[in-house]
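Visitor: Hi! I have a structure open on my screen and would like to talk it through with you. Shall we look at it together?

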Amino acid sequence: MKKTLIFTFVLLTMISFTSLAQQYRSSMKQEDREKLESAKIAYITNRLTLTSGQAKEFWPLYNEFERKKFEARTKARREGYRMTNRGQNDLTEAQATEILEIHIKAREEDVAIEKEYLSKFQNVISDGQILKLLTIDESFLRNYLMRELRGDKDGDRRSNDSSNK
């Protein structure tokens, strides 16, 4: 029973950040969503120092990559939620095992998608740029959400601080 509770807690914690970000995106107005996407494109393009030729090939591929990852995570989360929605305290060991298998399968699918697209990205951008991409995508969302929580819409804390003086 203790294992089941720990597993459920870990699973829900792992899903919560992704879920929070996706809920944030889905609850946004269309205009705000477009602003978020524009900011993300500028952030990634700047951090990767993409040339205009690279950007033309990179962005359609990246958007396809993001869509596939989103679909895979949504499917896994839906299946995991369906199982845990029965009541966390009422999960049998067999149900916990099934949820764990769903989680492992989702992680494997995520790795397969990443592997497929990393090789596709190698045809468009350098390996160094790909390594940067692996970290900056998460850092963008984390930084964007933190700015939103602080109320720092333009991304510059100092401008808010100086206006408060």
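This is a predicted model: local features need pLDDT of at least 70, side-chain atom pairs count only at pLDDT 80 or more; totals for chains, interfaces and linings use all residues.

Visitor: Where does Asp137 lie?
Guide: You will find Asp137 in helix H5.

Visitor: And is Asp137 buried or exposed?
Guide: Asp137 is buried, because its relative accessible area is 15%, and the cut-off for buried is under 20%.

Visitor: How far apart are Asp137 and Arg47, in sequence and in space?
Guide: They are 90 residues apart in sequence, while their C-alpha atoms are 9.9 Å apart in space.

Visitor: Let me zoom out. How many helices and strands does the chain have?
Guide: There are six helices and zero strands. Reading from the N terminus, the order of elements is α-α-α-α-α-α.

Visitor: What share of the residues counts as buried?
Guide: The figure is 33% of the 165 residues of the chain.

Visitor: And the contacts, what share comes from residues 24 or more positions apart?
Guide: Among contacts with a separation of 6 or more, such residues account for 71%.

Visitor: Back to helices. At what angle do the axes of H2 and H5 cross?
Guide: They cross at roughly 145 degrees, and the axes come within 10 Å. The crossing of H2 and H5 is right-handed.

Visitor: Which residues make that contact?
Guide: On the H2 side they are Asp32, Leu36, Ala39, Lys40, Tyr43, Ile44, Arg47 and Leu48. H5 brings Gln129, Lys132, Leu133, Ile136, Asp137, Ser139, Phe140, Asn143 and Tyr144.

Visitor: How many of the residues in the contact of H2 with H5 are nonpolar, polar or charged?
Guide: Nine are nonpolar, three are polar and five are charged.

Visitor: How do the axes of H4 and H5 cross?
Guide: Helix H4 covers residues 93-121 and helix H5 covers residues 127-150; their axes come within 10 Å and cross at roughly 140 degrees. That angle makes H4 oblique to H5. The handedness of this crossing is right-handed.

Visitor: Which residues meet there?
Guide: Glu114, Leu118 and Phe121 of H4 meet Ile130, Leu133 and Leu134 of H5. By class, the residues of this contact are five nonpolar, no polar and one charged.

Visitor: What sits in the loop between H4 and H5?
Guide: Asn123 has its place in that loop. Asn123 counts as exposed because its relative accessibility is 66%.

Visitor: New topic: how many aromatic pairs does the structure hold?
Guide: There are nine aromatic pairs. In one of them, the ring centres of Phe58 and Phe121 are 5.5 Å apart with planes at 35 degrees, so the pair is tilted. Phe58 belongs to helix H3 and Phe121 to helix H4, so this pair links distant parts of the chain, 63 residues apart. Both Phe58 and Phe121 are buried.

Visitor: How are the rings of Phe65 and Tyr117 placed?
Guide: Their centres are 5.4 Å apart and their planes are at 45 degrees, so this pair is tilted. Because Phe65 lies in helix H3 and Tyr117 in helix H4, the pair ties together parts 52 residues apart in sequence.

Visitor: Is Phe65 buried or exposed? And what about Tyr117, buried or exposed?
Guide: Phe65 is buried, with 5% relative accessible area. Tyr117 counts as buried too, at 0% relative accessibility.

Visitor: Which residues form the aromatic cluster?
Guide: Phe58, Trp59, Tyr62, Phe65, Tyr117 and Phe121 form one cluster.

Visitor: One last thing: what is the phi of Thr49?
Guide: Thr49 has a positive phi of about 45 degrees, although it is not a glycine. Thr49 has its place in the loop between helix H2 and H3. With a relative accessible area of 53%, Thr49 is exposed.

Methods. Residues are numbered from 1 along each chain as its sequence is written. Side-chain values use heavy atoms; hydrogens and water are left out. Axes are lines fitted to C-alpha atoms, for helices over the stretch in contact, and angles run from 0 to 180 degrees between N-to-C directions. Helices (H or I, at least four residues) and strands (E, at least two) are DSSP runs, numbered from the N terminus. Angles under 35 degrees count as roughly parallel, over 145 as roughly antiparallel, 65 to 115 as roughly perpendicular and the rest as oblique. A crossing is left-handed if the near helix is turned anticlockwise from the far one by less than a right angle, and right-handed if clockwise. Contact means heavy atoms within 4.5 Å. Ala, Val, Leu, Ile, Met, Phe, Trp, Tyr, Cys and Pro count as nonpolar, Asp, Glu, Lys and Arg as charged, and the others, Gly among them, as polar. Buried means under 20% relative accessible area, exposed over 50%, partly exposed in between (1.4 Å probe, protein chains only). Rings of Phe, Tyr and Trp (its six-membered ring) pair if their centres lie within 6.5 Å; planes under 30 degrees apart count as stacked, over 60 as edge-to-face and the rest as tilted.
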